[in-house]
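Me: Could you take me through one buried part of this model in detail, and then show me how the ligand is held? I'd like the cut-offs along the way, please.

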Amino acid sequence: MRYANVIIDISHEAVDRPFTYIVPDELVSQCHPGTKVSIPFGKGNSERMGVILALTDHPSVPVAKLKEISSVVLSQDATESRLIELAYYIKEQYGSTMIDALKLVLPAKKTYRKKAADKEPYSDEEVDESRGMDIILNEEQMSVVTDFTGEYDRGVRKTYLIHGITGSGKTEVYIRLIHHVVSRGRQAIMLIPEIGLTYQTVKRFKRYFGERVAIMNSSLAAGERFAYYEKAKNRQIDVIIGPRSALFTPFPDVGIIIMDEEHEGTYKSETMPRFHARDVAIKLADMHGASVVLGSATPSVESYYHALNGDYGLFELSNRATGAMLPEVEIVDLRTELKAGNRTMFSNVLRQRLVETVSNGKQAMLFINRRGYAGFVSCRACGKVMKCPHCDVSLSEHRGKGILVCHYCGYEAPKPNNCPSCGSKYIMSFKAGTEQIEEGVKKILPGVRTLRMDGDTTTGKDSREKILKAFGEHKADVLIGTQMIVKGHDFADVTLVGVLAADISLASGDYRAGERTFELLTQAAGRAGRGSVPGKVVIQTYQPDHYSIVHAASQDYKAFYEEEILYRDIAGYPPIKEIMAVLISDKDEDAAYLAAVNLSGLCRAKGREVQIIGPGKAGIGKISDRHRYVFYIKADKKEDLIILKDDMEEWLDSGAGDSAIPVKVAFDFGPMNPF
Ligand code: ADP
Ligand code: ZN
Ligand code: ZN
């Protein structure tokens, strides 16, 4: 006999808990996760509508107490059923409660009244009305479009990867693919990384799709987002552009899902369920009969591996669309600079190039790779670092405000006048950031006009856009920034890109460090020489021989991939092996440790063909007073990891670990960052 967990009344506001029902024999073939059913409910057995969340052979309630499903209701709302099925998939694949998964895919209903002062994040005002397809595709672009549309019209549905160098014209290709699918009456979802939406891109989409395209960004209020969702449901729009939550737009008939910059880490959710938008996009496409198009200049090692294997179709765009040349790249060995007595942050080469560029009336971008690094505050006399009392991390100084903040828990404290340890007055923030570079630039070129873009200068709404716009209008000569400035921007006057310390990201110590470094450097280099004057790139590093730096300098993705996949194979990391992190946290350190030992022990006892590493204390041992332990499981097949995840969930649900409960346990498949 089969049983169904049924949820009653998905009100969008609060999702109820599920109840178990018997599935009568004659309905078995019709009952699936997401199916709407009519069920007797409560003491009076009044008929209510419900949705099946899951089917099981082993109900957690005594069978004698169960009632039967009365009938299957042909769903009035296929879109909602589909999203429920998607929620179920997410729960199964990534480990979360069904309720959390439903909250993710079914946004809270919020009414939204447009205020007179409201402006769309990107207004139509400046869009030039001439909507025409005036760009003539080049041969490479054309062949992608013809191949895709040819297959699409023959009914082929699959996942494609467009590997196209920076500036190869991928966006123009996306627009044509979307146009094709939309002209056949279907809808399109275009995913972009959290901060990846440039003004230029918005403008181009508006020209082609006008009022039929909606653009979501993270500053959109929940009510506004809901209003877009309603429009999508009612077929008032055909295209949605947005970050990973745009996947849950309730379109009735999605024909294509595009994922630009598919390698981006922000496509992975950092909260439970820790889903990856790529996997969910592929699943959603499967449900709709849609195709998926992934695009990047630096594809994730996973996606390129699948493309080479034939799991994905592969397209290559190897030339810049405007005919511009790829920039000339110089690698500077910082060790040699130091030996030669240069103690500044600027090598002689970079200093020279900077002076040349600015005096020729061109622009430069200076990029500091600061991932995993926050400016900390310490005592110059005794070396004491100011730390958050709740987290195992150093505090950083909020610019100019004399306030120390913790970026993990939000803890704030005034900067002390005297060192709490030795009493000295010399408490300083360690600046190896954008401010210091700015000072350096001004010393080299007095009177130079600079703009800075980092976490401090982009806290206000639209401040990012304002900085980029000003730079685009050549109101500054030099733009200095963190990884924020390397994504997708297209400035014709930029002829120099300088990377001040290329290898910081190599120190992060996880298996993606090389990939991340290659990606950042390639994307940064890709900003130079977009216009008619060829660009120059200077990469400063202490590891000039590292393969991720060498291949980024020659803009050779394939050479990088060959070395990287070899390393992944030898060390046993994705995509060769699958890996799952299990993170256990609790306010009581012993409880967290015990649960980690028990859970890893449980996995070992299952005797599957997996490798278990740990448990050990997480890299950041404490966040918000919760102690963190982690262990990793490696397997050949993801299914083996999912089975172990299910085993652990079952064990936790059953209360077997009693003393260790209620610790928090999070599962992370293919973790993006070390814990
Ligand atoms: P990518 O997304 O691959 O980095 P973009 O789509 O942003 O590249 O295109 C880079 C630049 O080339 C843009 O300014 C775009 O308008 C221009 N472009 C794209 N396709 C063509 C084409 N076929 N002919 C001329 N210019 C083009
Ligand atoms: Zn001190
Ligand atoms: Zn903290």
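**Around Met648**

Reply: Happy to! Beyond its neighbours within four places in sequence, Met648 is in contact (heavy atoms within 4.5 Å) with Met580, Val582, Leu599, Leu602, Cys603, Phe631, Ile633 and Phe667. This is a predicted model, in which local features need pLDDT of at least 70 and side-chain atom pairs pLDDT 80 or more, while totals for chains, interfaces and linings use all residues. Residues are numbered from 1 along each chain, chains are lettered from A and ligands numbered from 1 as written, and side-chain values use heavy atoms, without hydrogens or water.

Met648, Ile584 and Ile633 touch the most other members of the largest nonpolar core, which has 112 residues. Such a core joins buried Ala, Val, Leu, Ile, Met, Phe, Trp, Tyr and Cys through side-chain atoms within 4.5 Å, buried being under 20% relative accessible area (1.4 Å probe, protein chains only). Helix 1 (residues 78-94; a DSSP run of H or I, at least four residues) is its top contributor, with 8 residues. A separate core of 30 residues includes Val145, Tyr208, Phe209 and Val239.

Now for the ligand. Ligand 1 is surrounded by 18 residues (a heavy atom within 4 Å), Ile136, Gln141, Gly167, Gly169 and Lys170 being the closest. Helix 4 (residues 170-182) gives the most to this shell, 3 residues. Alone, ligand 1 exposes 570 Å² (Shrake-Rupley, 1.4 Å probe), and the protein buries 78% of that.

Definitions and conventions: Helix = DSSP H or I, 4+ residues; strand = E, 2+ residues; numbered from the N terminus. Buried < 20%, exposed > 50% of the residue type's maximum accessible area, 1.4 Å probe, protein only.
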